[in-house]
Number of protein chains: 2
Amino acid sequence: MRDFMDVIKALADENRVRALMALRGRELCVCQIIELLGLAPSTVSRHMSILKQARLVVSRKQGRWAYYRLAADSATPDAREALVWLQARLSTDQVVRADTRRLLTILRTDPETLCRSQCQARGALS
Amino acid sequence: MRDFMDVIKALADENRVRALMALRGRELCVCQIIELLGLAPSTVSRHMSILKQARLVVSRKQGRWAYYRLAADSATPDAREALVWLQARLSTDQVVRADTRRLLTILRTDPETLCRSQCQARGALS
DNA sequence: TCCTTATTTCGCCATATGACGAAATATACC
DNA sequence: GGTATATTTCGTCATATGGCGAAATAAGGA
């Protein structure tokens with residue numbers, strides 16, 4: 001029950017669900033998820049750690065960048081089935097479709113440039 | 001997405017999940033769910049209304065009693081699949097098994113007696 | 001070593017959620 | 001109609017959650 005509830009609670013936030021859907025079939029750098037969701041880096045980092053704790057994603061650190069991808073082997077049965085369900089139900093969802101389109105643009109920019117522009121944008125606010 | 005999130009959020013509470021599992025294959029009176037979960041009537045009523053809004057259960061009023069059961073035809077695809085998943089994942093869960101056992105005892109008492117004893121128990125506290 | 005920068009952790013705030021009891025509602029029974 | 005009672009609604013409270021910015025951490029490059 002505990003594992004199951006951890007998975008369900010991890011899914012109980014639209015931004016986390018959008019992040020999971022964005023990770024379908026590809027790995028994403030944190031800055032790319034930040035760009036997609038339009039949230040503060042600290043917020044996205046927290047969301048990803050919740051997904052990780054529920055065994056829905058795994059992370060990998062390469063140089064300064066952290067990459068997340070959907071958990072496969074390391075996912076618990078609960079997590080694995082949740083991911084299957086998510087994809088079955090939401091692949092055709094409007095929000096997810098829009099994210100998928102926007103992701104194409106985001107992926108065209110390399111992480112280096114993306115992070116730089118995010119830092120500048122934050123600097124411009126203060 | 002909205003429907004999907006409604007379903008997920010409805011599942012994101014252990015007491016609601018326990019209530020859904022208790023409703024497998026049978027209809028239950030509110031007082032029976034109150035007895036099972038050990039929560040205040042108002043709390044259980046609120047939980048059931050959240051499950052109802054997510055289309056996971058339907059209710060029926062007969063006399064003074066309100067009965068809830070799992071939604072079948074009236075469930076959205078999201079809700080229906082969630083129920084299937086729940087049962088697949090949690091049928092062997094320890095908490096659910098314990099509830100199932102306790103439910104057998106509860107079902108042996110008729111609702112009338114059950115409600116009366118609940119009223120008395122609440123009266124005894126004040 | 002020092003500097004830059006991507007990410008995470010922490011502290012704080014606003015809102016959401018789940019709990020209860022009291023009051024309102026609905027329905028049977030006299 | 002009036003009373004008893006099962007359930008729901010409402011008000012309140014404590015805690016959980018999600019958001020941000022600032023500071024800490026980690027890792028590459030000068």
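Q: How is the model to be read?
A: The model is predicted, with pLDDT of at least 70 needed for local features and 80 or more for side-chain atom pairs, while totals for chains, interfaces and linings use all residues. Residues are numbered from 1 along each chain, chains are lettered from A in the order in which they are written, and side-chain values use heavy atoms, without hydrogens and water.

Q: How many residue pairs are in polar contact across the interface of chain A and chain B?
A: Eight residue pairs, both residues at pLDDT 80 or more, are found by the rule. A polar contact is a pair of N or O atoms within 3.5 Å; within protein, one must be able to donate a hydrogen and the other to accept it, and residues adjacent in sequence count only if both atoms are side-chain atoms.

Q: Which residues supply 36% of the area that chain A buries against chain B?
A: Chain A and chain B bury about 2,000 Å² between them, 73% of it on carbon and sulfur atoms. A:M1, A:F4 and A:W85 supply that 36% of chain A's part, more than any other three residues. Buried area is the accessible area (1.4 Å probe) that two parts lose on being put together, summed over both.

Q: Why are the two copies said to be related as by a two-fold rotation axis?
A: A rotation of 180° with 0.0 Å of shift along its axis superposes chain A on chain B, with an RMSD of 0.0 Å. The copies are therefore related as by a two-fold axis. The superposition is by least squares on the C-alpha atoms of residues with pLDDT of at least 70 in both.

Q: How do you know which surface the copies meet through?
A: Of the interface residues of chain A, 100% are also interface residues in chain B, so the copies meet through the same surface. The contact (heavy atoms within 4.5 Å) takes 23 residues from chain A and 23 residues from chain B.
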